[in-house]
Amino acid sequence: MEKQILESAIPNTATQSDLVSTILPGLQSCPKYVPHWYVYDKLGSELFDRVTNENPHYHLYRVETSLLKEHTGSIIRNFDESSIFAELGAGNSSKMHSLIEAMLEKEGSLRFIPIDIAKEFLEESAKTLNEKFPSLNLQPFVGDYVDGMEYVKSLQGPKLFIFLGSSFSNIPMAQMLPFLQTVRNTLKGNRDRFLIGLDITREPEIVEEMYGHFTFADFNRNVLTRLNKDFRANFMQENFEHYANYHKNNDKDTKGLMVEDPEYIELGFRSKHRHTVSLDSVGTKIAFQEDEIFYTHVPGNMSMKWDWQQFEKLANLAGLVTDQLWTDPGNKFALGLLKADSK
Ligand SMILES: C[S@@+](CC[C@H](N)C(=O)[O-])C[C@H]1O[C@@H](n2cnc3c(N)ncnc32)[C@H](O)[C@@H]1O
(Lines give C-alpha, C1' and ligand atoms only; values in the text may rest on other atoms or scores of the structure.)
Protein backbone atom coordinates (compact mmCIF):
# COMPACT_ATOMS: atom_id res chain seq x y z
CA MET A 1 0.00 0.00 0.00
CA GLU A 2 1.28 3.52 -0.84
CA LYS A 3 2.20 5.36 2.32
CA GLN A 4 1.06 8.94 2.67
CA ILE A 5 3.74 11.64 2.56
CA LEU A 6 3.06 14.50 4.93
CA GLU A 7 3.87 17.98 3.77
CA SER A 8 4.25 21.33 5.44
CA ALA A 9 4.37 24.73 3.76
CA ILE A 10 8.09 25.18 3.21
CA PRO A 11 10.14 27.13 0.69
CA ASN A 12 11.04 24.10 -1.46
CA THR A 13 7.44 23.18 -2.12
CA ALA A 14 6.06 26.72 -1.94
CA THR A 15 4.93 28.78 -4.90
CA GLN A 16 7.33 30.71 -7.13
CA SER A 17 6.43 34.01 -5.44
CA ASP A 18 7.34 32.54 -2.01
CA LEU A 19 10.65 31.40 -3.42
CA VAL A 20 11.28 34.88 -4.79
CA SER A 21 10.55 36.50 -1.43
CA THR A 22 12.82 33.97 0.35
CA ILE A 23 15.80 34.01 -2.01
CA LEU A 24 15.85 37.38 -3.79
CA PRO A 25 16.65 39.57 -0.73
CA GLY A 26 19.85 37.57 -0.13
CA LEU A 27 20.93 38.00 -3.75
CA GLN A 28 20.40 41.73 -3.45
CA SER A 29 22.11 42.18 -0.08
CA CYS A 30 25.74 42.90 0.71
CA PRO A 31 27.40 40.41 0.92
CA LYS A 32 25.25 38.34 -1.47
CA TYR A 33 24.06 34.91 -0.32
CA VAL A 34 21.45 32.19 -0.60
CA PRO A 35 20.42 30.19 2.52
CA HIS A 36 22.17 26.84 2.76
CA TRP A 37 19.01 24.69 2.42
CA TYR A 38 18.61 26.06 -1.12
CA VAL A 39 21.36 23.75 -2.46
CA TYR A 40 19.21 20.72 -1.54
CA ASP A 41 16.82 20.12 -4.41
CA LYS A 42 16.83 16.60 -5.91
CA LEU A 43 20.06 17.15 -7.84
CA GLY A 44 21.73 18.80 -4.84
CA SER A 45 20.82 15.83 -2.64
CA GLU A 46 22.25 13.43 -5.24
CA LEU A 47 25.44 15.49 -5.42
CA PHE A 48 25.65 15.43 -1.62
CA ASP A 49 25.45 11.62 -1.78
CA ARG A 50 28.46 11.72 -4.09
CA VAL A 51 30.34 13.74 -1.48
CA THR A 52 29.65 11.09 1.14
CA ASN A 53 30.59 8.18 -1.15
CA GLU A 54 33.40 9.55 -3.32
CA ASN A 55 35.18 12.27 -1.36
CA PRO A 56 38.08 10.41 0.31
CA HIS A 57 38.56 13.24 2.81
CA TYR A 58 34.91 13.38 3.94
CA HIS A 59 35.31 11.19 7.04
CA LEU A 60 32.00 12.36 8.55
CA TYR A 61 29.90 9.76 6.77
CA ARG A 62 32.16 6.78 7.46
CA VAL A 63 33.01 7.59 11.08
CA GLU A 64 29.45 8.47 12.08
CA THR A 65 28.03 5.35 10.40
CA SER A 66 30.44 3.13 12.29
CA LEU A 67 29.76 4.90 15.61
CA LEU A 68 26.03 4.34 15.06
CA LYS A 69 26.61 0.63 14.32
CA GLU A 70 28.89 0.19 17.31
CA HIS A 71 26.49 1.83 19.79
CA THR A 72 23.12 0.76 18.37
CA GLY A 73 22.35 -1.36 21.44
CA SER A 74 22.90 1.52 23.88
CA ILE A 75 20.97 3.99 21.72
CA ILE A 76 17.82 1.87 21.39
CA ARG A 77 17.91 0.29 24.85
CA ASN A 78 15.02 2.27 26.34
CA PHE A 79 12.74 2.22 23.30
CA ASP A 80 9.94 -0.27 22.63
CA GLU A 81 7.36 -1.04 19.94
CA SER A 82 5.37 2.11 20.79
CA SER A 83 8.39 4.35 20.04
CA ILE A 84 8.84 6.86 17.25
CA PHE A 85 12.18 7.63 15.63
CA ALA A 86 12.24 10.95 13.73
CA GLU A 87 15.27 11.91 11.64
CA LEU A 88 15.85 15.62 10.97
CA GLY A 89 17.37 16.37 7.54
CA ALA A 90 17.15 12.67 6.72
CA GLY A 91 18.56 12.66 3.17
CA ASN A 92 18.64 8.98 2.15
CA SER A 93 18.53 7.79 5.81
CA SER A 94 21.25 5.26 5.03
CA LYS A 95 22.99 5.85 8.37
CA MET A 96 19.75 4.81 10.10
CA HIS A 97 19.85 1.24 8.80
CA SER A 98 21.57 -0.23 11.85
CA LEU A 99 19.08 1.40 14.27
CA ILE A 100 16.05 0.40 12.18
CA GLU A 101 17.28 -3.18 11.77
CA ALA A 102 17.95 -3.51 15.50
CA MET A 103 14.53 -2.09 16.47
CA LEU A 104 12.74 -4.42 14.03
CA GLU A 105 14.66 -7.36 15.42
CA LYS A 106 14.06 -6.38 19.08
CA GLU A 107 10.46 -5.10 18.87
CA GLY A 108 9.09 -6.35 15.53
CA SER A 109 8.01 -2.84 14.52
CA LEU A 110 9.08 0.78 14.46
CA ARG A 111 7.41 4.02 13.43
CA PHE A 112 10.01 6.04 11.52
CA ILE A 113 9.52 9.62 10.36
CA PRO A 114 12.28 10.98 8.09
CA ILE A 115 11.95 14.78 7.83
CA ASP A 116 13.53 16.68 4.93
CA ILE A 117 12.87 19.67 2.69
CA ALA A 118 14.06 17.93 -0.51
CA LYS A 119 10.70 16.42 -1.49
CA GLU A 120 11.53 14.31 -4.55
CA PHE A 121 14.68 12.94 -2.96
CA LEU A 122 12.76 12.04 0.21
CA GLU A 123 10.14 10.23 -1.88
CA GLU A 124 12.85 8.15 -3.56
CA SER A 125 14.55 7.41 -0.25
CA ALA A 126 11.18 6.29 1.15
CA LYS A 127 10.78 3.78 -1.70
CA THR A 128 14.20 2.32 -0.97
CA LEU A 129 13.46 2.10 2.77
CA ASN A 130 10.08 0.43 2.07
CA GLU A 131 11.79 -2.18 -0.10
CA LYS A 132 14.56 -2.87 2.39
CA PHE A 133 12.34 -2.86 5.51
CA PRO A 134 8.77 -3.87 4.49
CA SER A 135 7.63 -4.08 8.12
CA LEU A 136 8.78 -0.54 8.95
CA ASN A 137 5.95 1.89 9.71
CA LEU A 138 7.35 4.66 7.52
CA GLN A 139 5.84 8.13 7.46
CA PRO A 140 8.02 10.66 5.58
CA PHE A 141 7.46 14.32 6.37
CA VAL A 142 8.40 16.94 3.76
CA GLY A 143 9.22 20.17 5.53
CA ASP A 144 11.48 22.18 7.74
CA TYR A 145 13.11 20.66 10.84
CA VAL A 146 10.97 22.74 13.17
CA ASP A 147 7.67 21.91 11.43
CA GLY A 148 8.64 18.24 11.52
CA MET A 149 9.42 18.37 15.25
CA GLU A 150 6.11 20.14 15.92
CA TYR A 151 4.26 17.35 14.12
CA VAL A 152 6.11 14.53 15.88
CA LYS A 153 5.61 16.20 19.27
CA SER A 154 1.84 15.79 18.82
CA LEU A 155 2.15 11.98 18.54
CA GLN A 156 1.90 9.46 21.38
CA GLY A 157 4.90 7.34 22.36
CA PRO A 158 8.56 7.66 23.42
CA LYS A 159 10.54 9.60 20.83
CA LEU A 160 14.07 9.61 19.54
CA PHE A 161 14.96 12.67 17.44
CA ILE A 162 18.04 12.06 15.33
CA PHE A 163 20.16 14.81 13.75
CA LEU A 164 23.15 13.40 11.89
CA GLY A 165 25.87 14.51 9.48
CA SER A 166 26.89 17.48 11.64
CA SER A 167 23.92 19.26 10.00
CA PHE A 168 23.41 21.26 13.20
CA SER A 169 26.65 23.05 12.30
CA ASN A 170 24.99 24.48 9.19
CA ILE A 171 22.27 26.28 11.14
CA PRO A 172 23.05 30.01 11.24
CA MET A 173 24.66 30.90 14.58
CA ALA A 174 21.87 33.19 15.74
CA GLN A 175 19.34 30.36 15.28
CA MET A 176 21.30 27.64 17.08
CA LEU A 177 20.10 28.35 20.62
CA PRO A 178 16.43 28.83 19.59
CA PHE A 179 16.69 25.57 17.60
CA LEU A 180 17.99 23.66 20.65
CA GLN A 181 15.27 25.25 22.80
CA THR A 182 12.71 23.90 20.34
CA VAL A 183 14.30 20.47 20.65
CA ARG A 184 14.17 20.78 24.45
CA ASN A 185 10.47 21.70 24.37
CA THR A 186 9.80 18.75 22.08
CA LEU A 187 11.28 16.22 24.53
CA LYS A 188 8.22 15.68 26.72
CA GLY A 189 8.45 12.12 28.02
CA ASN A 190 11.19 10.85 30.32
CA ARG A 191 12.40 8.35 27.70
CA ASP A 192 12.56 11.00 24.91
CA ARG A 193 16.06 11.65 23.58
CA PHE A 194 17.94 13.75 21.01
CA LEU A 195 20.78 12.00 19.18
CA ILE A 196 23.21 14.35 17.47
CA GLY A 197 26.34 13.75 15.38
CA LEU A 198 28.96 16.54 15.30
CA ASP A 199 32.24 16.88 13.46
CA ILE A 200 34.99 17.69 15.93
CA THR A 201 37.88 17.70 13.44
CA ARG A 202 40.01 20.80 13.65
CA GLU A 203 43.13 20.11 11.61
CA PRO A 204 43.08 22.77 8.89
CA GLU A 205 44.61 20.47 6.24
CA ILE A 206 41.85 17.87 6.72
CA VAL A 207 39.06 20.46 6.77
CA GLU A 208 40.41 22.23 3.68
CA GLU A 209 40.75 18.94 1.76
CA MET A 210 37.18 17.94 2.67
CA TYR A 211 35.51 21.13 1.48
CA GLY A 212 37.93 21.92 -1.36
CA HIS A 213 37.47 18.50 -3.04
CA PHE A 214 35.82 18.55 -6.48
CA THR A 215 32.80 16.54 -5.24
CA PHE A 216 32.09 19.28 -2.70
CA ALA A 217 32.63 21.99 -5.33
CA ASP A 218 30.14 20.22 -7.66
CA PHE A 219 27.61 20.04 -4.82
CA ASN A 220 28.07 23.75 -4.03
CA ARG A 221 27.74 24.65 -7.73
CA ASN A 222 24.22 23.23 -7.74
CA VAL A 223 23.18 26.57 -6.21
CA LEU A 224 23.93 28.27 -9.56
CA THR A 225 22.15 25.51 -11.50
CA ARG A 226 19.09 25.86 -9.29
CA LEU A 227 19.07 29.65 -9.50
CA ASN A 228 19.13 29.40 -13.30
CA LYS A 229 16.10 27.07 -13.17
CA ASP A 230 14.08 28.93 -10.53
CA PHE A 231 14.73 32.46 -11.82
CA ARG A 232 15.34 31.87 -15.57
CA ALA A 233 18.77 33.32 -14.80
CA ASN A 234 22.09 33.13 -16.62
CA PHE A 235 24.66 32.42 -13.89
CA MET A 236 27.66 31.01 -15.80
CA GLN A 237 29.61 28.37 -13.86
CA GLU A 238 32.86 29.52 -15.52
CA ASN A 239 32.47 33.00 -14.03
CA PHE A 240 32.61 31.62 -10.47
CA GLU A 241 35.30 29.77 -8.57
CA HIS A 242 34.41 27.42 -5.70
CA TYR A 243 35.27 29.15 -2.40
CA ALA A 244 35.84 27.29 0.90
CA ASN A 245 37.64 29.22 3.62
CA TYR A 246 38.41 27.77 7.06
CA HIS A 247 38.40 30.15 10.04
CA LYS A 248 40.73 28.65 12.58
CA ASN A 249 41.23 30.08 16.07
CA ASN A 250 44.97 29.41 16.14
CA ASP A 251 45.74 31.58 19.09
CA LYS A 252 43.16 30.19 21.50
CA ASP A 253 42.84 27.26 23.82
CA THR A 254 40.05 25.39 22.05
CA LYS A 255 38.60 24.10 25.31
CA GLY A 256 38.00 27.69 26.38
CA LEU A 257 36.31 28.72 23.16
CA MET A 258 33.04 30.52 23.54
CA VAL A 259 30.19 29.49 21.35
CA GLU A 260 30.23 33.01 19.94
CA ASP A 261 33.77 32.44 18.75
CA PRO A 262 33.67 29.22 16.77
CA GLU A 263 35.78 27.63 14.07
CA TYR A 264 33.91 27.33 10.82
CA ILE A 265 33.97 27.18 7.06
CA GLU A 266 32.76 29.92 4.78
CA LEU A 267 31.38 28.43 1.60
CA GLY A 268 30.38 30.01 -1.69
CA PHE A 269 31.92 31.36 -4.86
CA ARG A 270 34.47 33.97 -5.84
CA SER A 271 33.43 35.98 -8.89
CA LYS A 272 36.36 35.74 -11.32
CA HIS A 273 35.67 39.15 -12.92
CA ARG A 274 33.13 41.96 -13.06
CA HIS A 275 29.96 40.75 -14.71
CA THR A 276 26.18 41.02 -14.55
CA VAL A 277 23.62 38.22 -14.22
CA SER A 278 20.00 38.54 -15.40
CA LEU A 279 17.13 36.98 -13.47
CA ASP A 280 14.49 37.04 -16.19
CA SER A 281 11.58 35.66 -14.18
CA VAL A 282 11.75 38.66 -11.83
CA GLY A 283 13.12 41.21 -14.34
CA THR A 284 16.19 41.91 -12.19
CA LYS A 285 19.90 42.18 -12.90
CA ILE A 286 22.64 41.53 -10.34
CA ALA A 287 26.17 42.91 -10.69
CA PHE A 288 29.21 41.03 -9.39
CA GLN A 289 32.61 42.67 -8.82
CA GLU A 290 35.91 40.94 -9.48
CA ASP A 291 36.84 38.78 -6.41
CA GLU A 292 33.44 39.35 -4.78
CA ILE A 293 32.40 36.46 -2.52
CA PHE A 294 28.88 35.10 -3.03
CA TYR A 295 27.98 32.90 -0.03
CA THR A 296 25.94 29.69 -0.24
CA HIS A 297 24.76 30.11 3.36
CA VAL A 298 23.73 32.97 5.61
CA PRO A 299 27.04 34.90 5.94
CA GLY A 300 28.94 33.80 9.03
CA ASN A 301 29.34 30.23 10.14
CA MET A 302 28.93 27.13 8.02
CA SER A 303 29.99 23.59 8.86
CA MET A 304 31.13 24.73 12.29
CA LYS A 305 33.83 22.68 13.98
CA TRP A 306 33.22 22.07 17.67
CA ASP A 307 34.63 20.38 20.62
CA TRP A 308 31.91 18.59 22.58
CA GLN A 309 32.24 20.84 25.65
CA GLN A 310 31.63 23.88 23.49
CA PHE A 311 28.45 22.39 22.03
CA GLU A 312 27.39 21.13 25.45
CA LYS A 313 27.56 24.64 26.86
CA LEU A 314 25.03 25.76 24.28
CA ALA A 315 22.87 22.66 24.79
CA ASN A 316 22.85 23.26 28.58
CA LEU A 317 21.68 26.83 28.00
CA ALA A 318 18.77 25.37 26.06
CA GLY A 319 17.93 22.94 28.88
CA LEU A 320 19.50 19.81 27.35
CA VAL A 321 22.03 17.60 29.13
CA THR A 322 24.35 14.86 27.86
CA ASP A 323 23.07 11.38 28.66
CA GLN A 324 25.72 9.43 26.72
CA LEU A 325 28.62 10.42 24.49
CA TRP A 326 30.66 8.36 22.04
CA THR A 327 33.68 9.35 19.95
CA ASP A 328 35.94 7.44 17.55
CA PRO A 329 39.52 6.51 18.47
CA GLY A 330 40.85 9.30 16.23
CA ASN A 331 38.60 11.81 18.03
CA LYS A 332 37.25 13.09 14.73
CA PHE A 333 33.54 12.85 15.41
CA ALA A 334 31.17 12.94 18.40
CA LEU A 335 27.83 11.16 18.70
CA GLY A 336 25.87 12.40 21.69
CA LEU A 337 22.56 11.32 23.21
CA LEU A 338 20.90 14.20 25.08
CA LYS A 339 17.87 14.44 27.32
CA ALA A 340 15.86 17.29 28.79
CA ASP A 341 17.16 18.64 32.09
CA SER A 342 14.92 18.03 35.08
CA LYS A 343 13.75 21.65 35.46
C1 LIG B 1 24.27 17.43 5.34
S2 LIG B 1 22.83 16.62 4.67
C3 LIG B 1 22.74 15.24 5.80
C4 LIG B 1 21.99 14.07 5.24
C5 LIG B 1 21.98 12.84 6.17
N6 LIG B 1 21.25 13.11 7.40
C7 LIG B 1 23.40 12.43 6.50
O8 LIG B 1 23.77 12.54 7.69
O9 LIG B 1 24.13 11.97 5.60
C10 LIG B 1 21.53 17.69 5.25
C11 LIG B 1 20.12 17.23 4.92
O12 LIG B 1 19.21 18.13 5.59
C13 LIG B 1 18.21 18.60 4.69
N14 LIG B 1 17.87 19.96 5.14
C15 LIG B 1 18.63 21.08 5.05
N16 LIG B 1 18.00 22.12 5.64
C17 LIG B 1 16.82 21.64 6.12
C18 LIG B 1 15.74 22.23 6.84
N19 LIG B 1 15.77 23.49 7.20
N20 LIG B 1 14.70 21.44 7.19
C21 LIG B 1 14.68 20.12 6.83
N22 LIG B 1 15.66 19.51 6.13
C23 LIG B 1 16.73 20.26 5.80
C24 LIG B 1 18.84 18.53 3.32
O25 LIG B 1 17.87 18.42 2.30
C26 LIG B 1 19.75 17.30 3.45
O27 LIG B 1 19.08 16.12 3.08
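**Ligand contacts and salt bridges in the predicted model**

An oxygen atom of the ligand lies 3.4 Å from a polar backbone atom of Gly-165, where a polar contact denotes a pair of N or O atoms within 3.5 Å; within protein, one of the two must be able to donate a hydrogen and the other to accept it, and residues adjacent in sequence count only if both atoms are side-chain atoms. Residues are numbered from 1 along each chain as its sequence is written, and side-chain values use heavy atoms, with hydrogens and water left out.

The ligand is surrounded by 17 residues, a residue being near a molecule or strand if one of its heavy atoms lies within 4 Å of it; the closest are Gly-89, Lys-95, Asp-116, Asp-144 and Tyr-145. This shell divides into 8 nonpolar, 5 polar and 4 charged residues, with Ala, Val, Leu, Ile, Met, Phe, Trp, Tyr, Cys and Pro taken as nonpolar, Asp, Glu, Lys and Arg as charged, and the others, Gly among them, as polar.

The count of salt bridges comes to 14, each defined as a side-chain nitrogen of Lys or Arg within 4 Å of a carboxyl oxygen of Asp or Glu. In the salt bridge of Arg-50 with Asp-218, the closest N and O atoms are 3.5 Å apart; the pair links helix α2 (residues 42-54) to helix α10 (residues 214-231), 168 residues apart, helices (H or I, at least four residues) and strands (E, at least two) being DSSP runs numbered from the N terminus. Arg-50 is partly exposed at 26% relative accessible area, as is Asp-218 at 29%, where buried means under 20%, exposed over 50%, and partly exposed in between (1.4 Å probe, protein chains only).

Lys-305 and Asp-199 also form a salt bridge, with their closest N and O atoms 2.7 Å apart. Lys-305 lies in the loop between β13 (293-295) and α11 (308-317) and Asp-199 in strand β8 (residues 193-199), so the pair ties together parts 106 residues apart in sequence; both Lys-305 and Asp-199 are buried.

Technical notes:
This is a predicted model: local features need pLDDT of at least 70, side-chain atom pairs count only at pLDDT 80 or more; totals for chains, interfaces and linings use all residues.
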